[in-house]
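Colleague: I would like to learn how to read the packing in a model like this one. Could we go through it together?

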Amino acid sequence: MEFYHVSVLLKETVNAVLTNPHGIYVDCTLGGAGHAHALGEQLAADGLLIGLDQDEVALATATERLADLNCRVMTIPTNFKDLKAALTSRGITEVDGFIFDLGVSSYQLDTAERGFSYMQDGPLDMRMDMQGSLTAADVVNGYSEADLVRIIQDYGEERWAKRIAQFIVTAREDKPITTTGELTKIIKQAIPAGARREGPHPAKRTFQAIRIEVNQELAILKDSFKDAVDLLKPGGRIGVITFHSLEDRITKQTFKELSTGCICPPELPVCVCHHVAVVKARNKAIEPGNEEVTANPRARSAKLRVAEKV
């Protein structure tokens, strides 16, 4: 299957992040190279576009798609949590702009054998990095009921987390749960019929929660954003596209923290923390327009937040 992914907020992201056509830009979630290609088209021949991705299929496809650009191009097989080491080891210590497009790609969702989708039957996998050791099957069959409740509540914001965890534990006592179809069926049985009739697909939140756990998606965000800001030149920008409230909250809080000066208690007569603002938030979150959401329903929950190095 060809790597297919519709890039969300494409023009808005490129316009927000691009400040210097001769600069260095890093797409930390290269995927199908939609954002990277659109950005690369705006760069001069001496500009450098760098793409990071831990998915081998994405990296191979993106390398082909970026081959027609006029600017310099470099791709690096890595998770963005290691962006600082990956860049500095290649002599890159100052960057003009970073793009993070969080979450799962259309290709990963639509490829049944990757195990991300509750709409198609496939093995319970959900690894973005196919070399990773933890799979969705490990989580579903190996985690305690209490840990399943915590993950589904915290990462899925699922009100029926306790019932879903109970049904999973009961089902796996008979035999291991090995496919997305089996898990989807168990989740549907756990959620009362009335609740299933309203809102998104009944398995959506639980699948999101397990995927986040398998890939440690939220745990790496704050430090990765800070590493990116450390490498930004003054005036350089970071743009982050999120798809659910958990990612957006971390992005918003990190940008707020990085844009705050003194954080001493107000009763202290002089500043002792020496905390200085390193970025300023560029705007409120940018959201896709009706036209984009109609064309690509997966864009519905997307938000772009941008900060600039001071």
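Colleague: How many aromatic pairs does a search of the whole structure find?

Modeller: Four aromatic pairs turn up in the whole structure. Keep in mind that this is a predicted model.

Colleague: How is a pair of aromatic rings described?

Modeller: In general, one gives the distance of the ring centres and the angle of the planes. Here, the rings of F80 and F100 have centres 5.2 Å apart and planes at 85°, so this pair is edge-to-face. F80 sits in the loop between strand 3 and helix 4 (83–88), while F100 belongs to strand 4, so the pair ties together parts 20 residues apart in sequence.

Colleague: Are F80 and F100 buried or exposed?

Modeller: Both F80 and F100 are buried. Ring pairs also link F80 and F100 with F225 and F255 into a cluster.

Colleague: And which geometry do Y118 and F207 form?

Modeller: Y118 and F207 are edge-to-face as well, at 5.6 Å centre to centre with 85° between the planes. This pair links distant parts of the chain: Y118 is in the loop between helix 5 (106–110) and helix 6 (136–142), and F207 is in helix 11 (residues 204–215), 89 residues apart.

Colleague: Why does Y118 count as partly exposed?

Modeller: The cut-offs matter here: buried means under 20% relative accessible area and exposed means over 50%. Y118 has 24% relative accessibility, so Y118 counts as partly exposed. F207 has a relative accessible area of 3%, so F207 is buried.

Colleague: Now the sheet. How do strands of a sheet pair?

Modeller: In general, they pair through backbone hydrogen bonds, either parallel or antiparallel. In this model, seven strands form an open sheet with mixed pairing, in the order 3-2-1-4-5-7-6. Strand 3 (72–77) and strand 6 (279–281) are the edge strands, each pairing on one side only. From one strand to the next, the twist averages 15°.

Colleague: How many bridges join strand 5 to strand 7?

Modeller: Six bridges join strand 5 (residues 232–242) to strand 7 (residues 303–309), and the two run antiparallel. For a position to look at, take I238, whose bridge partner in strand 7 is A307.

Colleague: What packs on the sheet, touching strand 2 and strand 3?

Modeller: That is helix 3 (residues 56–65), whose direction makes about 170° with that of strand 3. Helix 12 (residues 221–231) lies across strand 4 (95–101), strand 5, strand 6 and strand 7, and runs at about 155° to strand 5.

Colleague: Which residues of helix 12 are buried?

Modeller: L221, S224, F225, D227, A228, V229 and L231 are buried. Their cover includes helix 4, helix 13 (245–258), strand 4, strand 5, strand 6 and strand 7.

Colleague: Which residues have the most contacts inside the largest nonpolar core?

Modeller: They are I50, L83, L87, F98, F100, L183 and I238, in a core of 64 residues. At least three residues come from each of domain 1 (10–103 + 218–309) and domain 2 (118–215). A second, separate core has 16 residues, among them V14, V17, L39 and L49.

Colleague: F100 comes up again. What is F100 in contact with?

Modeller: Leaving aside neighbours within four places in sequence, the contacts of F100 include F80, L83, F225, A228 and I238.

How values were computed:
Residues numbered from 1 in each chain as written. Predicted model: local features only at pLDDT ≥ 70, side-chain atom pairs only at ≥ 80, totals over all residues. Heavy atoms only, no water. Core = buried A, V, L, I, M, F, W, Y, C linked by side-chain atoms within 4.5 Å. Buried < 20%, exposed > 50% of the residue type's maximum accessible area, 1.4 Å probe, protein only. Domains from an automatic or database assignment. Contact = heavy atoms within 4.5 Å. Pairing = 2+ DSSP bridges. Helix = DSSP H or I, 4+ residues; strand = E, 2+ residues; numbered from the N terminus. Axes fitted to C-alpha atoms, helices over the stretch in contact; angles between N-to-C directions. Phe/Tyr/Trp six-rings, centres within 6.5 Å; stacked < 30°, edge-to-face > 60°.
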